[in-house]
Amino acid sequence: MNRVSQAININDLRTLAKRRLPRMVFDYIDGGAEDELTLRQSVDRFADYGWQWNSLVDSSHIDTSTTVLGETIAQPFFISPTAASRLFHPRKGELAVAAAAQKAGIAYSVSTLGSQTLEDIAAVAPDVPKFIQLYVWKDRGIVREFMARAKAAGYTGCILTVDATVAGLRERDPRNGFSIPPRINAKTATQAMAKPGYLFDMFTSSSIGPANFESVDMGGRDVMAVINELFDPTMCWKDLEWFVNEWGGPFAVKGLSTAADARRAVDSGASAVWVSNHGGRQIDTSVPVIDLLPEIRAAVGTGVEIIADGGVRRGAHVLKLLARGANSVALGRAYLYGLAAGGEAGVTRALDILAADVRRGLSLLGVPNVADLDGTLLRLCRP
C-alpha cells in the first residue's frame with residue numbers, strides 16, 4: 001500500500017506515515033510520556049465499552065452535525081491544535097490541514113507553536129470555524145498580541161491548554177536526538193538519509209519554527225525545552241479569568257480531568273471544558289478520558305459544552321465519547337498520520353474515513369441524529 005487513497009483505516013495511514021518520516025519525526029507524533037501506558041490505554045479502553053442498539057429505526061437521513069465553541073460543524077469531530085505541523089509535511093503543514101478542514105466543513109484549531117501564520121491559515125479555510133490555542137506564556141504581552149491578531153483574522157474561539165506547565169518526559173525524543181527544527185548530526189544523519197523524499201522536502205522548504213512568534217529563538221532545541229523556559233508554571237485560577245476576559249468570546253479550557261476543576265473553569269467564565277490527557281504525552285498512567293466524562297458532565301450540567309480527545313482512531317471511538325457525555329471530539333494523531341502520509345490528501349482521507357465510520361455507526365445503532373446519542377446504548381463490559 002503506497003497511496004493514501006487506498007487507506008482503509010487510520011492505522012493504514014499510520015503505516016504510510018512511518019514509511020515517509022525519519023524515525024525521530026515519526027516518534028514525535030507517535031510517542032508518549034514515560035512508559036507510554038496512557039498512550040496505549042487511551043486507545044484500548046474504547047474496547048471495554050460495548051454497544052447495544054435500537055432496532056427498526058428509519059435511518060434514511062443521518063445528521064452528523066454538532067456545535068463546538070458556539071459554531072456549527074458538519075461532523076462531531078474537528079481538528080485539535082498540534083505544534084509545528086510542517087515537521088510532518090515540510091512544504092505546507094498547517095495549510096494542508098486547514099484546507100482539508102475547509103473541504104470537510106469542520107473547525108480548525110491552530111497551535112500556539114504552529115509553523116504557519118494565523119493569517120495564512122485563515123486564508124485557506126475561510127468558511128469554517130477557526131480557533132486559537134494558547135499556552136500560559138510568562139510574557140502576557142505576547143498573549144495579548146496573539147489574541148488581537150487572531151480576532152483580526154476571523155478566529156472566533158480561544159482554547160487555553162492547562163496541562164503543560166512543564167514538559168512531560170517523552171523518552172523517544174532524547175533517544176532520537178529530536179529537535180525543532182530537526183538537526184542533522186551524527187545521531188540523526190542515518191535516520192534522515194533513510195528517508196530521502198522527506199529530506200529533500202526539508203532542504204527545499206523554509207526553516208521550520210514558531211511562525212507566529214518569529215522573535216522566539218528555538219536554537220535547535222526540543223519544543224519541550226522551549227515550553228519549560230517560556231511558559232509560566234505559576235498560573236492559577238485567578239489568571240484564567242484574565243485570559244477569559246481578555247479574549248471576550250467563546251473560550252475552552254483544555255486539559256481538565258476532574259469534575260471539580262471542570263466546574264471551577266465554568267465558574268471562572270469558560271464556555272466549554274475540554275477533557276484531555278494530552279494524547280498520553282504529559283502524565284503517564286492517567287485515567288482514560290472515556291471514563292471521566294460522566295462525572296464531569298454531571299458537574300457542569302447539560303448546558304455547558306464538553307470537548308473530549310484521546311486515543312481516537314475510529315469513528316466508533318468518536319461516538320463512544322459522545323455517548324459518555326461529550327458534545328464534540330477533537331482529533332490529533334488521527335489526522336497527523338494522514339498529513340505525514342500524504343499532505344492535504346492524507347488529511348482528507350483521514351477525515352473521510354472517520355466521517356464514514358460515524359455515519360455508518362449511527363445507522364447501525366438506530367440513532368439517526370448524533371445529538372440523540374447517549375449512554376443508554378453503551379455498556380461497560382470490562383471494569
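Modeller: Helices here are DSSP runs of H or I with at least four residues and strands are runs of E with at least two, numbered from the N terminus. It's a predicted model, so to be clear: local features need pLDDT of at least 70, side-chain atom pairs count only at pLDDT 80 or more, and totals for chains, interfaces and linings use all residues. Residues are numbered from 1 along each chain as its sequence is written, while side-chain values use heavy atoms, with hydrogens and water left out.

Colleague: Is H4 mostly covered or mostly open, and how many of its residues are buried?
Modeller: Buried means under 20% relative accessible area, exposed over 50% and partly exposed in between, using a 1.4 Å probe and protein chains only. The buried residues of H4 include Glu 94, Leu 95 and Val 97, along with alanines such as Ala 96 and Ala 101. H4 is mostly covered, the buried count being 8 of its 11 residues.

Colleague: What covers those buried residues of H4?
Modeller: Contact here means heavy atoms within 4.5 Å. The cover includes two strands, S4 and S5 (108-110). It also includes helix H5 (118-124) and helix H15 (333-365).

Colleague: Let's zoom out. What radius of gyration does the chain have, and does that agree or disagree with a compact globule?
Modeller: The radius is taken over C-alpha atoms, and the globule rule is 2.2 Å times the number of residues to the power 0.38. For 383 residues that rule lands near 21 Å, so the chain's value agrees with a compact globule. The C-alpha atoms fill a box of roughly 60 × 50 × 40 Å along the principal axes. The radius of gyration of the chain is 20 Å.

Colleague: What share of the contacts between residues at least 6 apart in sequence joins residues at least 24 apart?
Modeller: The chain has 15 helices and 12 strands, and 59% of its 383 residues count as buried. Of those contacts, the share joining residues at least 24 apart is 75%.

Colleague: How far apart are the mean positions of the positive and negative charges?
Modeller: Lys and Arg count as positive, Asp and Glu as negative, with His and the chain ends not counted. Each charge is placed at NZ of Lys, CZ of Arg, CG of Asp or CD of Glu. There are 41 positive and 41 negative charges, and their mean positions are separated by 6 Å.

Colleague: On to rings. How many aromatic pairs are there?
Modeller: Rings of Phe, Tyr and Trp (its six-membered ring) pair if their centres lie within 6.5 Å, with planes under 30 degrees apart called stacked, over 60 edge-to-face and the rest tilted. By that rule the chain gets 7 aromatic pairs.

Colleague: Why is the pair of Phe 78 and Trp 274 classed as it is?
Modeller: Their ring centres are 5.6 Å apart with planes at 65 degrees, so the class follows from the angle. Phe 78 sits in strand S4 (residues 77-79) and Trp 274 in strand S9 (residues 272-275), 196 residues apart, so the pair links distant parts of the chain. Phe 78 has 0% relative accessible area, Trp 274 is at 0% too, and the pair is edge-to-face.

Colleague: And which residue forms an aromatic pair with Trp 242?
Modeller: The pair is edge-to-face, with 5.0 Å centre to centre and 85 degrees between the planes.

Colleague: Is Glu 36 buried or exposed?
Modeller: Glu 36 is in the loop between helix H2 (23-30) and helix H3 (37-44). Its phi is near 60 degrees, a positive value in a residue other than glycine. At 11% relative accessibility, Glu 36 counts as buried.

Colleague: Last one: which residues does Ile 62 touch, leaving out those up to four places away in sequence?
Modeller: Ile 62 lies in the loop between strand S1 (49-51) and strand S2 (66-68). Ile 62 is buried, with 7% relative accessible area. The residues it touches are Arg 359, Leu 362, Ser 363 and Pro 368.
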